[in-house]
Amino acid sequence: MKSPLLPELVSFIETLPEPHILCDRQYRVLAANNAYRRSFGVNQVYAGRTCFDISHHFSVPCDQAGETCPLQQSLRSGQRERVLHLHQTPQGEAYVNIELSPIRDAKGDIAYFIEKMEPLAVARGLSDAQGLVGRAPAFQHMLEMVARVAPSEATVLLLGESGTGKELVARAIHDASRRAGKPFVALDCSGLTETLFESELFGHERGAFTGANTRSVGLIEAASGGTLFLDEVGDIPLVMQVKLLRLLETGTYRRVGSAEPHKADIRLVSATHRNLREMVTSSSFRQDLYFRLNTFPVELPALRERSSDIPLLAMSLLSRVAADRNLVISEEAIDLLLHYDYPGNVRELRNIIERASLLCDGEAIQPIHLPEEVRSGHALRANNTGKYASLEELERQTLETRLAHHRGSRKKLAAELGISERTLYRKLKRLGE
């Protein structure tokens, strides 16, 4: 028996400017408004088809295919649910923000769901900028966090290893915010002296210090109305941390050499590869500043934590570094790329692909075009001081990597490493294995 609610709900979603569908508890799409049909190219018969079939081309519900199912979440919570999904569109796959609201019948039971879908400006910003794309769960979780915070004015702290694309994500946050039409200004805080950091950030008056022959506008003023991105905030000198804290607390600043306060109109996004909590404990980073910066932390996954994205990323990067060539990557080369752990993350992958494209004279990148460390699986890692690892550290890294992937006997592992079994046991003992 058709519910008396149904015609009213169909009429209601047609009045909405954003893409909406109406579905029942069995995932069946009952209606789709004009905005949905235009955005997702669903002009064929959709009535009776399931939402997971139309949006994902799945044969089973999302939660059975590795995705989060907002319908199941809503049935459990009885409330509106919001998730991020990768949908099929006429332009290919695209990230879509889904907001699903349950509709109850006269008895108070959930009978229908209205689902709103909006393409993510953040996802477009990431992929259009440098090819930082992905489908892995760790990447999708990061993207969902970014999508939630971007429209707000909250201070964001991006955390992750070097090379994970923190500046690209910061720019994507800016592009998806209400400040998108205003400047995005970045400052790398590493290696800056106290005087230079203060002058760069706040600006200075003529004669404020030796060599200040003219008045200079600081980056806070240059970013007015927009976003200021401070990269490597863990490197800011302690004296300057006080002044940055004052800026965040009062919203005002003074140019070097001036007593006149100025109002700051910026949204602050900062980033670091350091462990700021440990730095707070060791008194090398102010706790009050840490709390100010850490309003909304976002973890950027290392490339080895989303290795399933490597083939997609490699082809995306190849299309950029060799845009005038119709190059592909051989299956053998892809297999080697998948088994490397990328201490330099996406930045390192880009360099590897660019180098390989320059060495390749044919139509397909082969293993011979890849660096030796990729072919051998031995990553050249930097130690905690930022210097390249010593031979002893490289040996330790090699042993740990081989141990993690080796499934045979220790005798066989020793033979593969070209050392005696006795030597292997001695080395493992030093590692604590």
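User: What should I know about the model before we start?
Analyst: It's predicted, so local features need pLDDT of at least 70, side-chain atom pairs count only at pLDDT 80 or more, and totals for chains, interfaces and linings use all residues. Residues are numbered from 1 along each chain as its sequence is written, and side-chain values use heavy atoms, with hydrogens and water left out.

User: Why is α13 called oblique to α15?
Analyst: Helix α13 (residues 310-321) and helix α15 (residues 345-359) pack at about 55 degrees, with axes 9 Å apart. Under 35 degrees is roughly parallel, over 145 roughly antiparallel, 65 to 115 roughly perpendicular, and the rest oblique. That angle therefore makes α13 oblique to α15.

User: What makes the contact, and which classes are in it?
Analyst: On α13 the contact residues include Ile 310, Leu 313 and Leu 317, and on α15 they include Val 346, Arg 350 and Glu 354; contact means heavy atoms within 4.5 Å. By class, the contact has nine nonpolar, one polar and two charged residues. Ala, Val, Leu, Ile, Met, Phe, Trp, Tyr, Cys and Pro count as nonpolar, Asp, Glu, Lys and Arg as charged, and the others, Gly among them, as polar.

User: How do you know whether Leu 30 is buried, exposed or partly exposed?
Analyst: Buried means under 20% relative accessible area, exposed over 50%, and partly exposed in between (1.4 Å probe, protein chains only). Leu 30 has 29%, so it's partly exposed. Leu 30 sits in strand β2 (residues 29-32).

User: How much of the protein counts as buried?
Analyst: 46% of the 433 residues.

Technical notes:
Axes are lines fitted to C-alpha atoms, for helices over the stretch in contact, and angles run from 0 to 180 degrees between N-to-C directions. Helices (H or I, at least four residues) and strands (E, at least two) are DSSP runs, numbered from the N terminus.
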